[in-house]
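I opened my notebook for a friendly look around this one. Here is what I looked up, entry by entry.

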Amino acid sequence: MITVQVAVAQPNAGSDRAAKLFAEGHELASQGKYVEACAKFDESLALEHAAGTLLNLGQCNEKQGHLLKAWQSYDEAARIWEAARDERGS
């Protein structure tokens, strides 16, 4: 008799937390609370390195006058999207 074990995929708690932090950051940014929003985006980015988070972090830094940080975030987001496009063969 052969026994087969099946692994059940568990929800990625890091992704869920990252999404929650991203949403909180987006809400804070919409209220003009850029210092707090950047902190949320930074936390989200640490959990899930996503281009959309980098774009929001860049905008947040830009609004605060941190142009080098903003440019770095925008540039990294563009590189992630470019790599994803290359992987799809587009």
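**Entry: a serine and its partners**

I started with Ser-73, which touches Leu-54, Leu-57 and Gly-58, not counting residues up to four places away in sequence; by contact I mean heavy atoms within 4.5 Å. Ser-73 sits in helix 4, and at 7% relative accessibility it counts as buried. My cut-offs for cover are these: buried is under 20% relative accessible area, exposed is over 50%, and partly exposed lies in between, with a 1.4 Å probe and protein chains only.

**Entry: ground rules**

I keep in mind that this is a predicted model, where local features need pLDDT of at least 70 and side-chain atom pairs count only at pLDDT 80 or more, while totals for chains, interfaces and linings use all residues. Residues are numbered from 1 along each chain as its sequence is written, and side-chain values use heavy atoms, with hydrogens and water left out.

**Entry: the chain as a whole**

I looked up the secondary structure and found 4 helices and 0 strands, running α-α-α-α from the N terminus on. Helices here are DSSP runs of H or I with at least four residues, strands are runs of E with at least two, and both are numbered from the N terminus. Of the 90 residues, 23% count as buried. The accessible surface is about 6400 Å², and 56% of that belongs to carbon and sulfur atoms; the areas come from the Shrake-Rupley method with a 1.4 Å probe, and for residues only the protein chains shown count as cover. Among contacts with a separation of 6 or more, 38% are between residues 24 or more positions apart.

**Entry: helix 3**

How many residues does helix 3 have, and what does it reach from its first C-alpha to its last? I get 13 residues and 18 Å, close to the 18 Å expected at 1.5 Å a residue; the expected span is 1.5 Å times one less than the number of residues. The buried residues in helix 3 are Ala-51, Thr-53, Leu-54, Asn-56, Leu-57, Gly-58, Cys-60 and Asn-61. Just after helix 3, I noted that Gly-65 takes a positive phi of about 85°.

Is Asn-61 buried or exposed? Asn-61 counts as buried because its relative accessibility is 7%. Leaving aside neighbours within four places in sequence, Asn-61 is in contact with Cys-38, His-66, Lys-69 and Ala-70.

I listed the largest nonpolar core next, and it has 11 residues: Leu-28, Ala-29, Ala-37, Cys-38, Phe-41, Leu-45, Ala-51, Leu-54, Leu-57, Cys-60 and Ala-77. Helix 1 (13-30), helix 2 (34-47) and helix 3 each supply at least two residues of this core. A nonpolar core here is a set of buried Ala, Val, Leu, Ile, Met, Phe, Trp, Tyr and Cys residues joined through side-chain atoms within 4.5 Å.

From Cys-38, I followed the contacts beyond four places in sequence to Leu-57, Cys-60, Asn-61 and Gln-64. Cys-38 is buried, with a relative accessible area of 7%, and Cys-60 is buried at 2% relative accessibility. I also looked for disulfides, meaning pairs of cysteine sulfur atoms within 2.5 Å, and the structure holds 0.

**Entry: salt bridges**

My search of the whole structure finds 4 salt bridges, each a side-chain nitrogen of Lys or Arg within 4 Å of a carboxyl oxygen of Asp or Glu.

Glu-24 and Lys-20 meet in one of them (3.0 Å, N to O). They are 4 residues apart in helix 1, so about one helical turn separates them. Lys-20 is partly exposed, with a relative accessible area of 47%.

Glu-24 also meets Lys-40 in a salt bridge (3.0 Å, N to O). This pair links distant parts of the chain, with Glu-24 in helix 1 and Lys-40 in helix 2, 16 residues apart. Glu-24 is partly exposed at 24% relative accessibility, and Lys-40 is partly exposed at 23%. I wrote down Lys-20, Glu-24 and Lys-40 as a network of salt bridges.

In helix 4 (residues 67-88), the side chains of Arg-79 and Asp-75 meet in a salt bridge (2.9 Å, N to O). These two are 4 residues apart, so they too are separated by about one helical turn. Arg-79 is exposed, with a relative accessible area of 56%, whereas Asp-75 is partly exposed, with 24%.
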